Amino acid sequence: MNRNRNMRFPQKKKNAGWTLVEIVIAIVIAGILAAGGYNVYSNWQQNQKSESMLSILNKSFDTLPKMKTTYGSYDGLNNAYAYTSKRIVLDTTKSPTANKFVTPFSTDGLTYDSVDSATLKSGRVLSGTDQFISIIANDVEGDLCQDIVEGMFARIDEIRVGSTRVATAPAITTACAAAGTSINITFINN
């Protein structure tokens with residue numbers, strides 16, 4: 001009956017480390033988590049660039065109509081005028097190089113000008129000497145073109161992706177798809 005009492009069970013060896021299979025599995029899991037984290041971070045960065053660009057453009061288009069109200073036109077609107085203004089762009093957007101503006105895409109990212117006409121989305125042309133604002137966003141990343149154009153589409157009279165005027169969602173998609181790695185986008189508004 002007491003046979004089991006004297007019986008010795010073999011002792012297990014203490015685990016001295018990880019097996020090769022365990023190490024490989026750990027590395028694979030870490031790689032998957034790192035790749036997923038990188039994609040999330042990359043998407044966040046792209047969204048930040050778009051939002052920053054839209055904020056810069058909206059600030060300018062919110063402020064510039066006061067110039068037309070005060071002076072009757074946008075005569076004299078150019079990079080030098082915008083650079084010296086405290087209201088058109090934030091100081092953080094101004095480059096240390098005079099008359100240049102930093103955007104998420106370029107150290108010479110904006111060009112301000114007045115123009116004499118705008119073609120509405122309906123095709124109707126409005127004209128008048130120096131009656132319209134033109135802001136060109138330079139070197140916009142091609143894969144963010146559509147986000148930026150769609151973000152401004154409702155409030156802007158005329159938008160050009162490169163030299164192509166876009167007036168519909170399919171036209172935006174087509175023009176931005178053809179943009180390549182970077183493109184200039186022109187925004188013209190009354």
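Because the model is predicted, local features need pLDDT of at least 70 and side-chain atom pairs count only at pLDDT 80 or more, while totals for chains, interfaces and linings use all residues. Residues are numbered from 1 along each chain as its sequence is written, and side-chain values use heavy atoms, with hydrogens and water left out.

Side chains of opposite charge can pair when their charged atoms come close. Five salt bridges are present in the structure, a salt bridge being a side-chain nitrogen of Lys or Arg within 4 Å of a carboxyl oxygen of Asp or Glu. One of them joins lysine 49 to glutamate 141, with 2.6 Å between the closest N and O atoms. Lysine 49 belongs to helix 2 and glutamate 141 to strand 2 (residues 125–141), so this pair ties together parts that are 92 residues apart in sequence. Helices (H or I, at least four residues) and strands (E, at least two) are DSSP runs, numbered from the N terminus. Lysine 49 counts as partly exposed because its relative accessibility is 24%; buried means under 20% relative accessible area, exposed over 50%, and partly exposed in between (1.4 Å probe, protein chains only).

A salt bridge also links arginine 155 and aspartate 62, whose closest N and O atoms are 2.9 Å apart. Arginine 155 sits in the loop between helix 5 (145–152) and strand 3 (158–161), whereas aspartate 62 is in helix 2, so the contact ties together parts that are 93 residues apart in sequence. Both partners count as partly exposed, arginine 155 at 30% relative accessibility and aspartate 62 at 47%.

In another of these pairs, the side chains of lysine 100 and aspartate 108 meet at 3.4 Å, N to O. Lysine 100 is partly exposed, with a relative accessible area of 30%, and aspartate 108 counts as partly exposed at 30% relative accessibility. Aspartate 108 lies 7.8 Å from serine 95, C-alpha to C-alpha, across 13 residues of sequence. Serine 95 is placed in the loop between helix 4 and strand 1 and is buried, because its relative accessible area is 6%.

Grid points are joined across faces, edges and corners, and a volume is the space filled by probe spheres set on the points. The whole structure contains one cavity of 30 Å³ or more. The largest cavity has a volume of about 40 Å³, and its lining consists of Thr63, Leu64, Met67, Tyr81, Ser85, Arg87 and Ile88. Four of these lining residues are nonpolar, two polar and one charged. In this grouping, Ala, Val, Leu, Ile, Met, Phe, Trp, Tyr, Cys and Pro count as nonpolar, Asp, Glu, Lys and Arg as charged, and the others, Gly among them, as polar.

The largest pocket holds about 150 Å³ of space. Its lining includes Ser52, Ser55, Ile56 and Lys59, together with Val89, Leu90, Thr92, Thr93, Val102, Thr103 and Pro104. Five residues of this lining are nonpolar, five polar and one charged.

Valine 24 lies in helix 2 (residues 20–63) and counts as partly exposed at 44% relative accessibility. The C-alpha atoms of valine 24 and asparagine 189 are separated by 59 Å, the two residues being 165 apart along the chain.

Most residues other than glycine have a negative phi. Asparagine 99 has a positive phi near 65°; this residue lies in the loop between helix 4 (79–84) and strand 1 (110–119) and counts as partly exposed at 30% relative accessibility. Aspartate 130 likewise has a positive phi, of about 55°. Aspartate 130 is in strand 2 and is buried, with a relative accessible area of 15%.

Methods. 1 Å grid on protein atoms, 1.4 Å probe; cavity = no way out; pocket = protein on both sides within 12 Å on 5 of 7 lines; lining within 4 Å.
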